[in-house]
Amino acid sequence: MNVTQLITSKGYPCQEHSVQTADGFILGVQRIPYGKTNTGISSRPVVLLQHGLLSCSSCWVENLVDQSLGFILADAGMDVWLGNNRGNTYSRRHIKYKPTDEEFWAFSEAMSLLFLQSIPPLYHVDQMRTPVALFTGTNDFLADPIDVENLMGKLTNSIVYHKDIDGWEHLDFIWAMDAAKECYKEIVDQIRKYENIG
């Protein structure tokens, strides 16, 4: 069952979209335009959920409806978009190359051409003015506390909310049995607060 089938099997609408990158990759993006009960809302905040390393958009809708952030946001009146990185299950197309071509997987070469250096340039997060709600875990080895402190030191003008969840590691943010209670409800609250909605 693919992610669109998974979403619709739970009674939610789902649209599939394709986005072409500047370097020719065609990324699959799924959209849950509304939840089960709020179909009449004409204006709704747009939320993009982007998966992490070695994952895909389905990670946001794989749990039970009341435990999956994608469904929770849709039911809270959000227009939910689920992104996919190049090369994953839903983004294995290119205008010129096939996944069996070596060039298809040469992302770093494209980065070198784009930025004229071997690594992407640093992003100046200290210049961001968008409100940031930051949820972190004390046992997260992929976004470890030292990196989080470093980031927070640079986001001093943007952080409006921070919750450090004791004992949580990286995957708990999508698969923990208590994710809805410990994290998702507060995400919805923060979006509503900054979008000035109910």
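Begin with the lining of the largest pocket, to which β3, α2, β6, α4 (145-154), α5 and α6 each supply at least two residues. Helices (H or I, at least four residues) and strands (E, at least two) are DSSP runs, numbered from the N terminus. A pocket is found on a 1 Å grid over the protein atoms alone, as an open set of points where a 1.4 Å probe fits, with protein on both sides within 12 Å along at least five of seven lines; lining residues have an atom within 4 Å of a point.

This is a predicted model, in which local features need pLDDT of at least 70 and side-chain atom pairs count only at pLDDT 80 or more, while totals for chains, interfaces and linings use all residues. Residues are numbered from 1 along each chain as its sequence is written, and side-chain values use heavy atoms, with hydrogens and water left out.

**The pocket**

Select Leu49, Gln50, Trp60, Ala133 and Ile187, which lie nearest the centre of the largest pocket among its 43 lining residues. The space in this pocket is about 1,400 Å³, a volume being the space filled by probe spheres set on the grid points, which are joined across faces, edges and corners. Which element gives the largest share of the lining? That is α6, with seven residues.

**Helix α6**

Select residues 179-195. These 17 residues form α6, whose first and last C-alpha atoms are 23 Å apart, close to the 24 Å expected; the expected span is 1.5 Å times one less than the number of residues. Now colour the buried residues of α6: Ala179, Ala180, Cys183, Tyr184, Glu186, Ile187, Val188, Gln190 and Ile191. Buried means under 20% relative accessible area, exposed over 50%, and partly exposed in between (1.4 Å probe, protein chains only). An α-helix has 3.6 residues a turn, so residues three or four places apart point the same way.

Asparagine 196 follows α6, and its phi is positive, near 55°.

**The nonpolar core**

Next, select Ile7, Ile32, Leu73 and Tyr184, which touch the most other members of the largest nonpolar core, a set of 33 residues. Such a core consists of buried Ala, Val, Leu, Ile, Met, Phe, Trp, Tyr and Cys residues joined through side-chain atoms within 4.5 Å. At least two residues each come from α1 (3-9), β3, α2, β4 (79-83), α5 and α6. The most, seven residues, come from α6.

Centre on isoleucine 32. Leaving out residues up to four places away in sequence, its contacts (heavy atoms within 4.5 Å) include Ile7, Tyr12, Val61, Phe71 and Leu82.

**The loop between β3 and α2**

Move to histidine 51, in the loop between β3 and α2. Is histidine 51 buried or exposed? Histidine 51 counts as buried because its relative accessibility is 5%. Show its polar contacts, which are pairs of N or O atoms within 3.5 Å; within protein, one must be able to donate a hydrogen and the other to accept it, and residues adjacent in sequence count only if both atoms are side-chain atoms. The side chain of histidine 51 lies 2.9 Å from the backbone nitrogen of asparagine 85, and a polar atom of that side chain is 3.4 Å from the backbone oxygen of serine 55. Glycine 83 is 32 residues from histidine 51 in sequence, with 7.0 Å between their C-alpha atoms.

Leucine 54 is found in this loop too. Leucine 54 is exposed, at 84% relative accessible area, and its phi is positive, near 60°.

**Last stop**

Finish at methionine 152 in α4, which touches Leu134, Ile159 and His162, not counting residues up to four places away in sequence.
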